[in-house]
Amino acid sequence: QLTEVLSRYGTIREVWFDGNCNISVSDILAKYATDAVIFQGKSANIRWVGNEDGYAPCPNWYTLKSSDLATGVATALHSDPYGDAYAPVEVDVPLLKNKGHKWFWAPNTDHLLMDVGQFMTTYYKSVGRGGVLLLNSTPDTTGLIPASHVARYKMFGEEIKKRFSKPIKQTSGKGESQEITFKKPVTLNHVILQEELSKG
């Protein structure tokens, strides 16, 4: 069944073994999911944050001990700035989390949809702490994502663009420090720091 899923539905970017994978499937993953990140199991190269509340701990190191990663169930709590293995943290959270916690669509649940304030708190505490945010998306009985859910996703995306798409100044380069100067005093409400990680 895993071979079918990985070989018949296009390029696979992530394989998620929820709760671990205790059988050896590394040969199947090597053949059909070479570009995928693997969640849990012996081939894991990403980690669960350790909660379903939408936040990563601070600090949230991308590295951990290889012995912890090899367990297949390492979480953000296994982070170690001196670790010898690289495995970023994924932060999963349901969309239906406003005074509730529901992963799957059900009738009359729009009151559980997160609002923009909740979205942005989640964003700052997941993406803002170096995690990958997995915001749940679940179809209704028609097989489609409900229009009310789509509207909330759109609202979330627009708020992210509003806050981050037009920096008043930016810089980049190599070295231990970067400097930005202003001709007059300015009030800042966000500072975004990004680091090139592709080479370690």
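The buried residues of helix 5 pack against helix 4 and strand 7, where contact means heavy atoms within 4.5 Å. The model is predicted, with local features needing pLDDT of at least 70, side-chain atom pairs counting only at pLDDT 80 or more, and totals for chains, interfaces and linings using all residues. Residues are numbered from 1 along each chain as its sequence is written, and side-chain values use heavy atoms, without hydrogens and water.

Helices (H or I, at least four residues) and strands (E, at least two) are DSSP runs, numbered from the N terminus. The buried residues of helix 5 are His 149, Phe 156 and Glu 159. They lie on the same side of helix 5 because they cover an arc of only 85 degrees around the axis, the arc being that of the directions from the helix axis to the C-beta atoms. Exposed on the other side of helix 5 are Ala 147, Lys 154, Lys 161 and Lys 162. Buried means under 20% relative accessible area, exposed over 50% and partly exposed in between (1.4 Å probe, protein chains only).

Strand 6 (residues 89-93) and strand 7 (residues 132-135) run parallel and are joined by four bridges. In this pairing, Asp 92 stands opposite Leu 134, and Val 93 stands opposite Leu 135.

Note on methods: Pairing = 2+ DSSP bridges.
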